[in-house]
Amino acid sequence: MKTIGVITSGGDAPGMNAAIRAVTRLASALGFRVLGFERGWEGLINNLFRLLTPRSVGGIIQLGGTILLTSRCPGFKTREGIRRAADNLVADNVDGLVVIGGEGSFRGALELSRETDVLIIGVPATIDNDVYGSDETVGFDTAVNTAVAEIDKIRDTAISHERVFVVEVMGRRRGFLALTVGLTVGAEVILIPEVPVHMENIFRTVKENAAKGKRSGIIVAAEGVGDTRRIAEEIEVNTGAEVRLSIVGYAQRGGSPTARSRLLASLFANEAVNLLASNAGKCVVGLQKGEIKSISLEETCSREKPLDTRLLSLARTLAT
Ligand code: F6P
């Protein structure tokens, strides 16, 4: 192993820079050259990279975003794009590649691994926390805390005006972010893509709360449940409550990573570099019951991470 490449791919997540920093310094300490390919898979297809040294990754552990930039790269969905990336890795004498990203990026990594002997290791970094094989992903804790801080502020005005707020958080396909945020802000209702939305149940909860004097409320909804503006309007029409919609939005993707996100980034990077140094590839590192482990790319890409919907009833009871 002489040269390690690293990319950040897909939706950015706070802590990606901490992961780039750790990969670079750990690989350099083992005598490897480190190439940072820019803009995710695009950088591999167009062979856009820069040399990363221990000095060039100084002062970034606390920065959100990614110094390598990222992209969602349609070109990587083509055989031609994957072939070009594989050829560039060989041309650049890259022996191992660390892919820092989410489940979409790992599907690309799996396709690439079928076209090249370059060893590929995934580091799970996405605010969605939806990577099978890791209890938690880099950036998830930061996004949770960002959303919680915003919703605590919304709770103030909800109470003052005796209003119900539908608050949309990120999570197009999965509800891990909405569930954790909802539980930790004391949301009266949590809506996630994994559970069909029953409007009558929401109306009943809002009316029952009002009847017992709880005239304000927070309904946390993952963006993947559908049209949250329509949901807010329907609640207002059917309950008589004053309802507003607030969308936390892309702030959840940025900001300085929490210590937790930085720690996961460093531990995952350490495992990834050690796996490459021992000539292992085609896997994704992850946190499993407190331990840093790895599972195959195949398994990560073929399984759906289970979500514990019992937390929904816990949240409901806690919010009564
Ligand atoms: O994958 C992370 C994520 O933030 C999702 O929660 C969200 O639905 C999506 O990315 C937004 O994608 P884009 O950044 O392409 O708008």
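The lining of the second largest pocket divides into 11 nonpolar, 3 polar and 3 charged residues, where Ala, Val, Leu, Ile, Met, Phe, Trp, Tyr, Cys and Pro count as nonpolar, Asp, Glu, Lys and Arg as charged, and the others, Gly among them, as polar. The model is a predicted one, in which local features need pLDDT of at least 70 and side-chain atom pairs count only at pLDDT 80 or more, whereas totals for chains, interfaces and linings use all residues. Residues are numbered from 1 along each chain as its sequence is written, and side-chain values use heavy atoms, with hydrogens and water left out.

Rolling a probe the size of a water molecule over the atoms shows where empty space is left. On a 1 Å grid over the protein atoms alone, a pocket is an open set of points where a 1.4 Å probe fits, with protein on both sides within 12 Å along at least five of seven lines, and its lining residues have an atom within 4 Å of a point. Grid points are joined across faces, edges and corners, and a volume is the space filled by probe spheres set on the points. Helices (H or I, at least four residues) and strands (E, at least two) are DSSP runs, numbered from the N terminus.

The largest pocket contains about 790 Å³ of space. It is lined by 28 residues, and those closest to its centre are G10, G11, R72, E103 and G104. Helix α4 (residues 103–113) supplies the largest share of this lining, namely 6 residues. By class, 7 nonpolar, 10 polar and 11 charged residues make up the lining of the largest pocket. At least three residues are drawn from each of domain 1 (3–139 + 257–302) and domain 2 (143–253), the domain bounds being those of an automatic or database domain assignment.

Helix α4 also holds A109, which counts as buried because its relative accessibility is 1%; buried means under 20% relative accessible area, exposed over 50%, and partly exposed in between (1.4 Å probe, protein chains only). A109 and V285 are 176 residues apart in sequence, while their C-alpha atoms are 13 Å apart in space. In helix α1 (residues 16–29) lies A22, which at 7% relative accessibility counts as buried. The C-alpha atoms of A22 and S56, 34 residues apart along the chain, are separated by 12 Å.

The expected span of a helix is 1.5 Å times one less than its number of residues. Helix α8 (residues 228–239) has 12 residues and reaches 16 Å from its first C-alpha to its last, close to the 16 Å expected at 1.5 Å a residue. Its buried residues are T228, I231, A232, I235 and T239. Viewed down the axis of α8, these buried residues fall within an arc of 100 degrees, so they line one face of the helix, the arc being that of the directions from the helix axis to the C-beta atoms. An α-helix has 3.6 residues a turn, so residues three or four places apart point the same way.

For helix α9 (residues 259–277), the 19 residues should span 27 Å at 1.5 Å a residue, and the end C-alpha atoms are 27 Å apart, which agrees. The buried residues of α9 are S261, L264, A265, F268, A269, A272, V273, L275 and L276. Seen down the axis of α9, they fall within an arc of 155 degrees, so they line one face of the helix. N274, also found in helix α9, is partly exposed, with a relative accessible area of 38%. After α9 comes N279, whose phi is positive, near 60 degrees. K282, in the loop between α9 and β10 (283–288), has a positive phi of about 55 degrees although it is not a glycine, and at 44% relative accessibility K282 counts as partly exposed. E162 lies in the loop between α5 (140–161) and β6 (163–169) and, although not a glycine, has a positive phi of about 50 degrees. With a relative accessibility of 43%, E162 counts as partly exposed.
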